[in-house]
2 protein chains.
Amino acid sequence: MHTTLSSRSRTVVIGHDQPFCVIGERINPTGRKTFAEELRGGDLSTVTVDALAQVQAGADMLDVNAGIPLVDESELLAGMLRTVAAATDVPICIDSSVIEALEAGLAVYEGKALVNSVTGEDERLEEILPLVARHGAAVIALANDETGIPETAQQRLEIARKIVSAAGDYGIGPEDVVIDPLAMTVGAATDAVTITLETISLIREELGVNMCLGASNVSFGLPRRHQLGSAFLPMAMAAGLTSAIMSCAEEVVNSVRAADLLLGHDEWGARWIAEHRERQAKAAAAS
Amino acid sequence: MHTTLSSRSRTVVIGHDQPFCVIGERINPTGRKTFAEELRGGDLSTVTVDALAQVQAGADMLDVNAGIPLVDESELLAGMLRTVAAATDVPICIDSSVIEALEAGLAVYEGKALVNSVTGEDERLEEILPLVARHGAAVIALANDETGIPETAQQRLEIARKIVSAAGDYGIGPEDVVIDPLAMTVGAATDAVTITLETISLIREELGVNMCLGASNVSFGLPRRHQLGSAFLPMAMAAGLTSAIMSCAEEVVNSVRAADLLLGHDEWGARWIAEHRERQAKAAAAS
């Protein structure tokens with residue numbers, strides 16, 4: 001199943017037979033005090049810097065979030081989307097929990113966006129799916145609902161199934177529903193990752209849809225987070241994860257590209273070898 | 001299922017509920033010309049150096065191989081085993097394709113060794129299993145036979161099943177048969193790793209035995225091999241691999257310990273955090 005996203009001039013395809021889709025997580029003021037203050041003051045220069053840096057580091061798409069307390073999120077999000085689109089041509093994941101902000105974002109976005117996110121809660125489904133359908137967008141759907149985050153893979157699958165069905169009622173095909181199987185921090189529950197991996201396998205088998213998760217959650221509160229992300233993503237990819245909102249730190253992106261090669265999504269290692277030669281050439285030029 | 005190996009003074013347990021067992025691959029003259037020449041001349045100093053370095057780098061066990069053309073492998077292997085045992089106290093994987101060498105190795109080894117290896121070939125089974133049984137050792141069993149290396153996971157499972165059954169006939173329990181699901185280089189066949197992962201899952205489900213593979217094979221002929229190993233091992237561990245004969249390069253061992261934590265085999269990250277503090281203390285002392 002292929003989820004096709006686009007900017008004005010570039011198309012990205014997410015699929016089980018495609019290289020993994022790396023979605024840069026950085027353009028998000030959550031936990032970034034200085035960045036939040038800049039945005040509050042109308043200074044979007046860091047948005048440009050972060051957009052360019054993440055694409056340079058290998059991002060296929062960028063997540064953009066404008067969630068700052070007591071700020072007009074709709075206006076800020078629209079401004080940030082315009083800024084990112086001016087700096088790069090990768091498709092964008094429009095990230096907000098506020099329906100009006102998603103609406104404003106979709107209104108200014110040129111191309112087919114990925115909306116982040118809906119959940120299995122009836123109210124959210126009824127609010128967000130019509131918006132997604134109207135704009136011909138795709139949507140990330142979290143496998144939780146009114147009852148919270150299910151502890152078992154089977155329960156998460158059932159919520160995912162419900163969301164795919166509800167999306168169909170609004171004319172959104174399963175190829176435009178990207179399920180988030182939910183990655184919780186392993187620092188809080190020893191079985192957090194095994195449940196996520198089980199959920200991914202189950203959704204892969206039963207629904208066949210694409211999946212995306214916030215990979216950095218897994219290592220929250222632990223030291224050497226990039227190393228944990230580098231080990232987590234290949235596991236999740238082997239189970240059937242097809243994209244992630246993630247750090248674009250070199251070691252994490254390398255790990256994803258290595259896993260692409262290992263899983264047969266980089267035939268004969270063409271990309272892997274080309275990147276290696278590029279680095280060698282850069283190193284030679286620098287010395 | 002637990003495979004328990006020991007040296008004179010240390011015990012290692014391989015199991016699906018245990019931290020991954022890292023077996024250092026380096027004490028092997030294959031492809032190491034200088035080392036082979038030293039060994040041929042009776043100089044075992046590098047054996048000591050490599051044993052200490054790998055244990056320092058995190059090896060739980062060491063593979064020892066003495067395969068050099070036109071050398072008395074039995075005598076050399078026995079000498080190398082004594083040298084390793086004098087340098088470290090980790091259990092050893094006695095690695096030879098020559099039955100007499102395995103015999104000589106087992107004769108000098110103090111503890112319960114892991115014999116590397118038998119295959120599903122009738123002749124090999126009849127030669128090696130009685131030896132393993134007589135010494136109360138455990139054995140690595142490659143999932144190939146007279147017909148070569150099977151292309152499908154199902155065929156490899158059937159060979160593994162046959163070996164476990166044959167071992168039983170000699171009084172060797174399934175806990176002492178460690179199946180090698182066979183890791184081929186992804187540079188030669190795009191689906192090499194996916195077949196290996198499928199084989200691991202299938203053997204985990206159907207036989208429940210421990211497994212060990214030569215992890216470096218996967219990246220043979222490709223650049224940035226440690227990065228490929230670092231991405232491969234977490235995938236294989238999530239599928240059910242419980243040990244590997246592998247490089248003890250820092251990034252590869254880190255990746256295994258990260259995967260241990262993610263898979264719930266390092267409760268609350270106690271080992272991960274302790275190693276982090278140790279490194280910080282070392283860095284502080286060095287600065």
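## Around B:N65

The backbone nitrogen of B:G67 lies 2.7 Å from a polar atom of the side chain of B:N65. This comes from a predicted model. B:N65 is found in strand β4 of chain B, which covers residues 61-65. A second polar link involves B:D95: its side chain and that of B:N65 are joined by a polar contact of 3.4 Å.

Is B:N65 buried or exposed? B:N65 has a relative accessible area of 10%. Buried means under 20%, so B:N65 counts as buried. Which residues is B:N65 in contact with, leaving aside neighbours within four places in sequence? They are B:I27, B:N28, B:P29, B:M80 and B:D95.

## Helix α5 of chain A

Helix α5 of chain A runs over residues 122-134. It has 13 residues. From its first C-alpha to its last, α5(A) reaches 19 Å, close to the 18 Å expected at 1.5 Å a residue. Just after α5(A), A:G136 takes a positive phi of about 60°.

Several residues of α5(A) are buried: A:R124, A:L125, A:I128, A:L129, A:L131 and A:V132. An α-helix has 3.6 residues a turn, so residues three or four places apart point the same way.

The size of an interface is often given as the accessible area lost when the parts come together. Here, chain B and chain A bury about 3,000 Å² between them. Carbon and sulfur atoms account for 71% of that area. In residues, 34 of chain B are in contact with 34 of chain A.

Polar links also cross the interface. The count is 6 residue pairs in polar contact between chain B and chain A, with both residues at pLDDT 80 or more. The rule finds 2 salt bridges across the interface. In a salt bridge, the side chains of A:E275 and B:R224 meet at 3.8 Å, N to O.

## The chain B side

Which elements give two or more residues to the side of chain B that touches chain A? They are α7 (192-206), α8 (225-239), α9 (250-262) and α10 (270-286) of chain B. The largest share, 7 residues, comes from α8(B). The residues of this side divide into 22 nonpolar, 8 polar and 4 charged.

Key:
Residues numbered from 1 in each chain as written. Chains lettered and ligands numbered in written order. Predicted model: local features only at pLDDT ≥ 70, side-chain atom pairs only at ≥ 80, totals over all residues. Heavy atoms only, no water. Contact = heavy atoms within 4.5 Å. Buried area = accessible area lost by both parts, 1.4 Å probe. Salt bridge = Lys/Arg side-chain N within 4 Å of Asp/Glu carboxyl O. Polar contact = N/O pair within 3.5 Å; in protein donor to acceptor, adjacent residues only side chain to side chain. Helix = DSSP H or I, 4+ residues; strand = E, 2+ residues; numbered from the N terminus. Nonpolar A, V, L, I, M, F, W, Y, C, P; charged D, E, K, R; others polar. Expected span 1.5 Å × (residues − 1). Buried < 20%, exposed > 50% of the residue type's maximum accessible area, 1.4 Å probe, protein only.
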